[in-house]
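Look at the structure below.

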Amino acid sequence: MVESKFLPLDGATAVSQAMRQINPDVVAAYPITPQTAVVQNFSQYVADGIVNTEFIPVESEHAAMSACVGSSAAGARVMTATAANGLALMWEMLYIAAGMRLPIVLTVVNRALSSPLNIHCDHSDAMGARDSGWIQIYAETGQEAYDNTLQAMRIAEHPDILTPVMSCQDGFITGHGVERVGILPDEVVKQFVGEYKPRYALLNTDEPVTFGAWDFTDYYFEHKRQQSEVINSALPIIEDVFSEYTKLSGRPQPVLDTWEMDDAEYCIVVLSSTGGTSRAVARGLRAQGVKVGIVKPRLYRPFPAKYIVEAIKGCKAVAVLDRAISFGAPAGQGPLFTDITAALYNEGITGLNIVDYIFGLGGRDILPDQITSVFTDLQQIANEGQRGAMVRYLGLRE
Amino acid sequence: MTDRIRINLKDIVNNEERLAPGHRLCGGCGEPTIMRMILHAIEGPVVISTATGCLEVSTTVYPTTAWQVPWIHSAFENSATTISGVEAAYKALKRSGKIPADKEIKFLAVGGDGASYDIGFQWISGALERGHKLVYVCLNNEAYMNTGIQRSGATPKGANTTTSPVGDVIPGKTQWRKPFTRIMAAHDIPYVAQAAPHNYRDLMTKVKKAFAADGPAVLNILAPCPRGWRTESDQTMVLTKLAADTCYWPLYEVDHGKTVVNYKPREKKPVADWLKVQGRFRHLFRPAYASILEEIQARIDQEWERLLKEEAAG
Amino acid sequence: MKEYTAPRLDRPWSEVNPGGIVLDPGISVTYITGTWRTMRPVRDQAQCTQCLICWIMCPDAAIPIVDGKVDSFDYDHCKGCGICAEQCPVNIKKPHSVTGELGKVIQMVPESSEGGE
């Protein structure tokens, strides 16, 4: 294990520090709140000559991902950052980057999608991109955002994966919130991420390759099946990277961050920063003798279905907290709930009491009392044996 | 400056064909001839990005490709941005020593008129403003031919397309084409030119000048589409010559802000000579549309005069 | 150019190139566009002045170069567009070696008729 140096950093700056240490060949990015700090800080590193990166100050997020696609296909190590509408504007290119198997790392500082316009945190941006073929990792803290950025690079560029990775954290909550963040020594990061050796590169002009050919009915299906296989087979490789980084940093990097789940009767499954709030409340309830637990998936794509089912299947009642709505889904449930309930069914678990809470849209605060109320609800559901409403809302004026 | 460029076919005839046969562009399409001329005018390695369109789908049908150079297509609107990413990677990898310091690579982005005048307009503008060392080529066949001849910002007034059809009350496209070449020149980049393949010497000279420029360059090249223009496949070069002779498509360049008209017809032909040989303008010769023909002629005259004035202004 | 055989169109998903990349530059030559032709160009080699206009104007790179000179046509790929015949600047003095007609060095003949190589 290598000692980290601890600094007071906001989550966005923590990510830009990770980018500085990775020292990618190309960064193409466009400013958008609450991601702007990432691009600003990185631009300063470029201006000060402390990275060798070619920074492309593009005119839109679509152009950011377009330039990243060009640079990555050229054979470069490539990173970018965005949020919300910027991610939405990239949409077309997200699918193209994944379809071309280009190992780009994108840091997303999660923010609500318009309309109405809102700059604060929810997960509607990244959740909309969950089927785009990108690996998705969600961070609870600035520390995790830093750690995940470094691991994302390794995962994306693994020769058996070669798939872009979206590394997400909560806008403002961790993006702007200053915490104590441990930074590994530059040389250690350099060794950890290693040198990127592209399998195919446009700039290898002696061996001309064609990227992005028109794919007719003969082969499109086969390419998509192969892409699906790659992302779904990535889990063990991702775990290897996680465990290597755990040994290096001394900070555990589980696929599924579980707290007191061994004997938990009531549990909350939630992504990102709300994992911390939930754990704080759960700690208090445990002290009162209520057997509560928290499950926080760090990896969302590929979806760690078996791990989640294994963790929650013994509970008396489970609450999934979704910071996004899947519009038109049954009862207006959120994407995490949809995935978890599908996973339960596929593992043969049909009797579990499980409910969904939509929370925190557009940056609405999630308060400890609300988490407490969720656990109260879960106990009531278990006691009465009635699930009641499948989809509920936290912090919404009724 | 590169003022003494001589194009001699005997010097290049033994060059490798970097766009191989077996591509599936229509017989008589202007695009592959132009691409061959461009590739024969480029010395040394080149990486190409191509926008979605006829050229892209016809030259790369997985698992085949007609390209013998590194080539990428990512989307419709972003070939300029994609190549700017490749160019940035080249600079970065050269700096880090992964590409030898003496290895020169050229960067070419290609798009149709839809990709250039319309959907990719902002992407091109951004790439030019950032000053990447690249050449952007618009293969201009004046409509969305790949999707079946829909009007674009490049489609000339009066043209019959599937989204500007001739009807009982509307005589084809009612708007003038966008002055794309002038807008590109307004970016104050080192080199912008208009060309056409019948004059291969002029076209290939401009390619060489564009790649020799000390910054981004844009070429707008007229590329006849027999299918969309309703012309015979062997008329491709005849048509672009008519376009130049009628001053519908002046061959000119803006070299570091200085406009030079590279071809001035001894006798400027009436624009009707250009229009009447193409099925897409056939309806304009109905007596009812005589005023549109006059409007078009007046507009061409006005544009030509303005160009000559710009040249005279130096 | 490398020698190619036509690529297989029946590979299973596990064997396709990642990301749809194509690793065989110029393998399009295995696709025969010559079957599209309804008219075929024929050249009177003896009266050809080797101006190379047909070569530079050909959309399909279907005019082979042998020892720096144009030599017949690549009928596997020539689509018969007729640009070469239209653009041929040389008016022949003697009847054309294939068609027997006066006119240009390159002339178009119906694909079904005899002629060409």
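Which residues are linked in a network of salt bridges? They are A:Glu140, A:Glu144, A:Asp257, A:Arg279 and A:Lys296. A salt bridge here is a side-chain nitrogen of Lys or Arg within 4 Å of a carboxyl oxygen of Asp or Glu.

Some ground rules come next. This is a predicted model, where local features need pLDDT of at least 70 and side-chain atom pairs count only at pLDDT 80 or more, while totals for chains, interfaces and linings use all residues; side-chain values use heavy atoms, leaving out hydrogens and water. Residues are numbered from 1 along each chain as its sequence is written, and chains are lettered from A and ligands numbered from 1 in the order in which they are written.

One of its pairs is A:Glu144 with A:Lys296, whose closest N and O atoms are 2.7 Å apart. This pair links distant parts of the chain, 152 residues apart. A:Glu144 sits in helix H7 (residues 142–157) of chain A, and A:Lys296 in strand E12 (residues 292–297). Helices (H or I, at least four residues) and strands (E, at least two) are DSSP runs, numbered from the N terminus. A:Glu144 has a relative accessible area of 12%, so it is buried. A:Lys296 has 0% and counts as buried too. Buried means under 20% relative accessible area, exposed over 50%, and partly exposed in between (1.4 Å probe, protein chains only).

Now take chain A as a whole. It has 14 helices and 16 strands. Buried residues make up 61% of its 398 residues. A compact globule of 398 residues would have a radius of gyration near 21 Å, and chain A agrees, because its own value is 21 Å. That radius is taken over C-alpha atoms, and the globule rule is 2.2 Å times the number of residues to the power 0.38.

Salt bridges also cross between chains. B:Lys91 forms one with A:Glu54, at 3.6 Å between the closest N and O atoms. The pair runs from helix H4 (residues 79–95) of chain B to strand E3 (residues 54–57) of chain A. B:Lys91 is partly exposed at 33% relative accessibility, whereas A:Glu54 is buried at 14%. Over all chains, the structure holds 39 salt bridges.

B:Arg36 and B:Glu17 meet in a salt bridge of 2.8 Å, N to O. B:Arg36 lies in helix H2, and B:Glu17 in the loop between helix H1 (9–12) and H2. Both are buried. B:Glu17 has another partner: its side chain makes a polar contact of 3.1 Å with that of B:His40. A polar contact is a pair of N or O atoms within 3.5 Å; within protein, one must be able to donate a hydrogen and the other to accept it, and residues adjacent in sequence count only if both atoms are side-chain atoms. B:His40 is in helix H2 (residues 30–41) and is buried, at 4% relative accessibility. Leaving aside neighbours within four places in sequence, its contacts (heavy atoms within 4.5 Å) include B:Met204 and C:Trp55.
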